[in-house]
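Dear colleague,

My notes on what was found in it follow.

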Amino acid sequence: MGLSATLDVALADAPDAVVLGIITAARRGDAAAQAELFARHHPRVARHILRMTGDAASVDDLVQEVFVAAFGSLGSFRGESQFDTWLHTITSNKVRNWWDARRRREARERRAVFEADRDAAATGPDETLEQRQQLQAFYTALGELPDKLREAFTARAIEHMSLEDASALLGVPISTLSYRTRRAEELLCQALGLPPPPGRGDKEGGA
Amino acid sequence: MIDVLPRRGDGEPAVTSPELAALVERARAQTLPPLLTTVASVRAAAMHRRQRRSMWAGVGLLAAAVGVLALGLRGRQVDRRSAASPAGAAMSSEAPLTGEASAPNVPSERTAAPAQPAEIELPAQSQTPSVGLRPTAPVGPTARKPVPTSADELVRLAEVAMAENRRGDAIAVLTQLVRSHGASPAARTALLDLGRLLRDAGRRDEARCAYRSWVARWPGDGMRADVERALDALGDGPACRGLRPHR
């Protein structure tokens, strides 16, 4: 069965047939359909990106990257999963690359500036600045996590997804997702110098 | 996929550490900046990428054609020489030249060989750096390699130049990167590298401008204190217009 036939079947059965119609048109290069897809999905993609990276300055670049990739590979979207899920996979891949590039960049930055005077005292305590630095430290620690742990933690803790939704999104069993989230929490607490999560030896202590 | 744990629905908290939960809440509460990306910019970027891909494909084909042509010419020259010299048929490029074989009018094989691919040098004042990429096939002396345009390519070239201690080239590439991709995340690191390289090259006024530009663009960044210390170490100097000192 050809791709368009697959899509036609999906179009007939899918609850959101309109979306599939738009996707089919966008795949043919229809500018209005691409604009419609962009308008429908880019706010959510941008929000995901911000929460996954914590870097507002990179959101625009990454949103563009995601949609360039999405429009370029619409042919591979077979209508078997939600378009949102498919787009989320592209977003996750782009964010992974972003973290890799950021780690390399930061290593160079440390070399570039800290030659002479790295260990000087920090500047005066301004609450906003301190909060910003804490958030930055949090995202730095998040970036150091293995991709799978980071994605599980982001979906569950930052995106507030249910176990079922996150499990479907990331394509892993709930038990795996649950383990990854808790392991990520442990590693984050360790990296940030926070006390270990309560009830870590017990079974589910609750928050 | 087999689930070994019973489903606990949403009863399982994602974060159990109260300190970490507070940080996570702050991460959730971040406000999205106004987005500048539009579907038009996405389409333009996609088109640009396609054009670049076809340009490189064209360059590859051209290089292959030039290579084939050069090999053909070389083969023809060797044939002609072999026909002109009685000893030519027995002589190979690796054979030592004997008294009989090296007739005075026969050019040696070495001089007839096509030029080796050479580093393409650009004029000293050019903003476009020569960063040591070799063409894939022999080309004429006036050929110029395509100027890299994407931030990623420029970052790569700058890294190569820095690794090879070609400070002038690195400065030129980083300047181009900052000027043409000022909004990209790569520009952030590029400005820091640029400041350091300019300072090491004794171009303190320009180094100061690079650091000032960084502070102006990322005033709330956690590294600001370090950059300001680097600025202090450079002392006072003229005002800057972008990356240039304004005298």
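Between chain B and chain A there are 11 residue pairs in polar contact, both residues being at pLDDT 80 or more; a polar contact is a pair of N or O atoms within 3.5 Å, where within protein one must be able to donate a hydrogen and the other to accept it, and residues adjacent in sequence count only if both atoms are side-chain atoms. The count of salt bridges between chain B and chain A, by contrast, is zero, a salt bridge being a side-chain nitrogen of Lys or Arg within 4 Å of a carboxyl oxygen of Asp or Glu.

Before going further, please note that this is a predicted model, in which local features need pLDDT of at least 70 and side-chain atom pairs count only at pLDDT 80 or more, while totals for chains, interfaces and linings use all residues. Residues are numbered from 1 along each chain as its sequence is written, chains are lettered from A and ligands numbered from 1 in the order in which they are written, and side-chain values use heavy atoms, with hydrogens and water left out.

As for the extent of the interface, 61 residues of chain B are in contact with 72 residues of chain A, contact meaning heavy atoms within 4.5 Å. The area buried between chain B and chain A (the accessible area, with a 1.4 Å probe, that two parts lose on being put together, summed over both) is about 5800 Å², and carbon and sulfur atoms give 57% of this area. Of the area that chain B buries against chain A, B:Thr16, B:Arg28 and B:Gln30 supply 11%, more than any other three residues.

Turning to the disulfide (a pair of cysteine sulfur atoms within 2.5 Å), a search of the whole structure finds one over all chains. The disulfide joins B:Cys209 to B:Cys240, with an S to S distance of 2.1 Å, and the link is left-handed, with -90° about the S-S bond. B:Cys209 lies in helix α7 (residues 204-217) of chain B and B:Cys240 in strand β1 (residues 239-241) of chain B, so the pair ties together parts that are 31 residues apart in sequence; helices (H or I, at least four residues) and strands (E, at least two) are DSSP runs, numbered from the N terminus. B:Cys209 is buried at a relative accessible area of 0%, whereas B:Cys240 is partly exposed at 26%, where buried means under 20% relative accessible area, exposed over 50% and partly exposed in between (1.4 Å probe, protein chains only).

With kind regards
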